[in-house]
Amino acid sequence: MSEKTIFKKIIDREIPSDIVYEDEISLAFKDVNPQAPVHILIIPKKEIESTNHLKDDDTALLGHIYTVVLPHLVEKFKLSDGYRLVTNCGNNGGQTVYHLHFHLLGGRFMSWPPG
Ligand code: AMP
């Protein structure tokens, strides 16, 4: 069996994290190396490596993240003025943890293009 990712260890409470939201499908916690005043990682509890590994039956899971978890966090962290939701996929996308995650960044103006 392949080794657990750091995010799976967070789900399983094997390592500590600053959890800001949890339900049966998803977990959200603060990034340890924040790139903005608000930097939260939203992950599905289901182990999916990246957006390249999504299947047809993951549609509801993605909808849940966008329509339930995201609005909850936007309200909780007062991000109604805007934010950035980023998913890095694969080597060229800059992905370092191979458990699907969405970076929710806010609390400052986000420039474009990203680096
Ligand atoms: P990515 O480069 O898109 O795969 O993003 C991985 C993110 O996970 C980075 O922003 C890291 O700072 C963050 N990270 C790594 N380990 C932890 C941890 N133990 N708790 C919270 N965030 C973490």
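Colleague: Which helix and which strand each supply at least two residues of the shell around the ligand?

Modeller: This is a predicted model, in which local features need pLDDT of at least 70 and side-chain atom pairs count only at pLDDT 80 or more, while totals for chains, interfaces and linings use all residues. Residues are numbered from 1 along each chain as its sequence is written, and side-chain values use heavy atoms, with hydrogens and water left out. Helices (H or I, at least four residues) and strands (E, at least two) are DSSP runs numbered from the N terminus. Here they are helix H1 (6-11) and strand E2 (26-30). H1 gives the most, with three residues.

Colleague: How many residues surround the ligand, and which are the closest?

Modeller: A residue is near a molecule if one of its heavy atoms lies within 4 Å of it. In this model 16 residues surround the ligand, and the closest are Asp-31, Asn-88, Thr-96, His-101 and His-103. By class, the shell divides into seven nonpolar, seven polar and two charged residues. Nonpolar covers Ala, Val, Leu, Ile, Met, Phe, Trp, Tyr, Cys and Pro; charged covers Asp, Glu, Lys and Arg; the others, Gly among them, are polar.

Colleague: Which residues have an N or O side-chain atom or a polar backbone atom listed against a ligand oxygen?

Modeller: A polar contact is a pair of N or O atoms within 3.5 Å; within protein, one must be able to donate a hydrogen and the other to accept it, and residues adjacent in sequence count only if both atoms are side-chain atoms. The side chain of Asn-88 places an N or O atom 2.8 Å from a ligand oxygen. The protein covers 83% of the 510 Å² of accessible area that the ligand has on its own, by the Shrake-Rupley method with a 1.4 Å probe.

Colleague: Is Thr-59 buried or exposed?

Modeller: Buried means under 20% relative accessible area, exposed over 50%, and partly exposed in between (1.4 Å probe, protein chains only). Thr-59 counts as exposed because its relative accessibility is 56%. Thr-59 lies in helix H2 (residues 59-76), and its side chain reaches the backbone oxygen of Asp-56 at 2.7 Å.

Colleague: Where does Leu-105 lie, and is Leu-105 buried or exposed?

Modeller: Leu-105 is in strand E5 (residues 102-106). With a relative accessible area of 12%, Leu-105 is buried. Pro-37 is 68 residues away along the chain, yet the two C-alpha atoms are separated by 7.7 Å.
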